[in-house]
Amino acid sequence: MISHFSYDHILAIEDLANGLDFVECPSHIPSASIAVKISDDSMLNSFDYGTYAYVELNSPLVLGDIGLFKYNGKMLLRTYTEKNRRPILKADNKDYSDIEVGYHDEFFIIGKVIQ
């Protein structure tokens, strides 16, 4: 049974419709829980298209951290900030508007991007 576990690999989510895969986890970020493939240019200063963001699940965020969020049914990588104690999600790319999370929005912090 032990041979069925890969302790130096983590789950990689590229496209949920086409199944899941595993990628090697860099040894300097052992607390990563999942790897999310970058599929747009919203965070282009932080991540290149087609690379992976390594996420630690259920990790608390502080202002300025990049997080993985579920916002109104969509999964997003954004920088976490606040305005009047309400969450604001900022993209690196200025072509994307800031998202001001409202009281009636579906909003979950999934984890903290650690690389």
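## Close-up views of a predicted model

**View 1. A salt bridge joins Asp65 and Lys112.** The closest N and O atoms of Asp65 and Lys112 are 3.6 Å apart, where a salt bridge is a side-chain nitrogen of Lys or Arg within 4 Å of a carboxyl oxygen of Asp or Glu. The pair links distant parts of the chain, since Asp65 is in the loop between β4 and β5 while Lys112 is in strand β9, 47 residues apart; helices (H or I, at least four residues) and strands (E, at least two) are DSSP runs, numbered from the N terminus. This is a predicted model, in which local features need pLDDT of at least 70 and side-chain atom pairs count only at pLDDT 80 or more, while totals for chains, interfaces and linings use all residues. Residues are numbered from 1 along each chain as its sequence is written, and side-chain values use heavy atoms, with hydrogens and water left out. Asp65 is buried because its relative accessible area is 15%, whereas Lys112, at 24%, counts as partly exposed; buried means under 20% relative accessible area, exposed over 50%, and partly exposed in between (1.4 Å probe, protein chains only).

**View 2. Two further salt bridges are formed by Lys70 with Glu106 and by Asp98 with Lys90.** The count of salt bridges comes to three. In the bridge between Lys70 and Glu106 the closest N and O atoms are 3.6 Å apart, and because Lys70 lies in strand β5 and Glu106 in the loop between β8 (99-100) and β9, this pair ties together parts that are 36 residues apart in sequence. Lys70 is partly exposed, with a relative accessible area of 29%, and Glu106 is partly exposed at 30%. For Asp98 and Lys90, the closest N and O atoms are 2.7 Å apart; Asp98 is partly exposed at 40% relative accessibility, as is Lys90 at 32%. Side chains of opposite charge can pair when their charged atoms come close.

**View 3. Ring pairs link Phe69, Tyr80 and Phe107 into a cluster.** Rings of Phe, Tyr and Trp (its six-membered ring) pair if their centres lie within 6.5 Å, and planes under 30 degrees apart count as stacked, over 60 as edge-to-face and the rest as tilted. By this rule there are two aromatic pairs. Phe69 and Tyr80 are stacked, with 6.3 Å from centre to centre and 25 degrees between the planes, and they join strand β5 (residues 66-71) to strand β6 (residues 74-83), eleven residues apart. Both Phe69 and Tyr80 are buried. Phe69 is also stacked with Phe107, at 5.7 Å centre to centre and 20 degrees between the planes, a link from strand β5 to strand β9 (residues 107-113) across 38 residues.

**View 4. The largest nonpolar core is made up of twelve residues.** Among them are Ile34, Met43, Phe47, Ala53, Leu77 and Val113, and a nonpolar core is a set of buried Ala, Val, Leu, Ile, Met, Phe, Trp, Tyr and Cys residues joined through side-chain atoms within 4.5 Å. Strands β3 (34-37), β4 (52-57) and β5 each supply at least two residues of this core. In soluble globular proteins, nonpolar side chains tend to be buried together.
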